[in-house]
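Here is a short briefing on one protein model. Keep the sequence and the 3D view open as you read.

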Amino acid sequence: MCPQGEVLARKADTEARDPEGGFRTYANAAACRECPMRTKCTAGNYRKLLISVHEEALKRAAGRLAMSPGIMRKRPSLVGHPFGTIKQRHGQGGLLCRGRALAGAEMGLSARAYNFTRVMNLVGIHGLLGAIRARSAPGTC
């Protein structure tokens, strides 16, 4: 809905072109043409709203954050170590690959390597091998 109560119809989706999600575009050019508030509402010929396809998830996350605002103060100490370690392993530089897909793959491999070394440091090599053997035993998935 626009501020004047007019329905904005869904016009286009960018999610098909964007692997991370995208936006849904809502507009009603016919209603904006006759609207007395158009100059206060938009600088264009009509108002266009871009709403993330993840809008519901973002609202749920904002609700959880509102229930416990102190959690964001803990975040830097929780995520700083893994990203600092990964950056150090990359030699204090950026990523080697270019492009969203390749850079994402490189970060995924780096995160898995970090997680693997954390498990080895926490449970030891014998504990890790025991867990792998137990997982690959016949009759388990």
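In which helix is Ala-113 found? Ala-113 is found in helix 5. This is a predicted model: local features need pLDDT of at least 70, side-chain atom pairs count only at pLDDT 80 or more, and totals for chains, interfaces and linings use all residues. Residues are numbered from 1 along each chain as its sequence is written, and side-chain values use heavy atoms, with hydrogens and water left out.

**Helices**

- Helices (H or I, at least four residues) and strands (E, at least two) are DSSP runs, numbered from the N terminus.
- Helix 5 covers residues 100-135 and includes Phe-116.
- Ala-113 is partly exposed, at 36% relative accessible area. Here, buried means under 20% relative accessible area, exposed means over 50%, and partly exposed lies in between (1.4 Å probe, protein chains only).
- Phe-116 is partly exposed too, with a relative accessibility of 44%.
- Phe-116 and Leu-128 are 12 residues apart in sequence. From C-alpha to C-alpha, Phe-116 and Leu-128 are 9.4 Å apart in space.
- Ala-113 and Ala-30 are 83 residues apart along the chain, and 55 Å separates their C-alpha atoms.
- Helix 3 spans residues 55-67, and Glu-55 belongs to this helix. Glu-55 is partly exposed, at 28% relative accessible area.
- Glu-55 and Ala-137 are 82 residues apart along the chain. Their C-alpha atoms are separated by 43 Å.

**The sheet**

- Strands of a sheet pair through backbone hydrogen bonds, either parallel or antiparallel.
- This model has an open sheet of 3 strands, in the order 1-2-3, with antiparallel pairing. Two strands pair if DSSP finds at least two bridges between them.
- Which strands are at the edges? Strand 1 (9-13) and strand 3 (48-52) are the edge strands, and each pairs on one side only.
- Neighbouring strands of this sheet are turned by 30° against each other on average, direction ignored. For such angles, axes are lines fitted to C-alpha atoms (for helices over the stretch in contact), and angles run from 0 to 180 degrees between N-to-C directions.
- Strand 1 and strand 2 run antiparallel and are joined by 4 bridges. Ala-12 has Thr-25 in strand 2 as its bridge partner.
- Strand 2 (residues 23-27) and strand 3 also run antiparallel, joined by 5 bridges. Thr-25 stands opposite Leu-50 in strand 3. Ala-27 faces Lys-48 in strand 3.

**Cysteines**

- How many disulfides does the structure hold? The structure holds 0 disulfides. A disulfide is counted here as a pair of cysteine sulfur atoms within 2.5 Å.
- Cys-35 is in no disulfide either; its nearest cysteine sulfur, that of Cys-2, is 6.0 Å away.
- Is Cys-32 buried or exposed? Cys-32 counts as buried, at 10% relative accessibility. Cys-35 is partly exposed, at 22% relative accessible area.

**A nonpolar surface patch**

- Leu-65, Ile-71 and Met-72 form a nonpolar patch on the surface. Together they have about 270 Å² of accessible area.
- Met-72 sits in helix 4 (residues 71-89). Met-72 is partly exposed, with a relative accessible area of 44%.
- Patches are made of residues with over 30% relative accessible area and no salt bridge; like charges are joined within 9 Å, and nonpolar side chains (Val, Leu, Ile, Met, Phe, Trp, Tyr) within 5 Å.
- A salt bridge is a side-chain nitrogen of Lys or Arg within 4 Å of a carboxyl oxygen of Asp or Glu.
- Accessible areas come from the Shrake-Rupley method with a 1.4 Å probe; for residues, only the protein chains shown count as cover.
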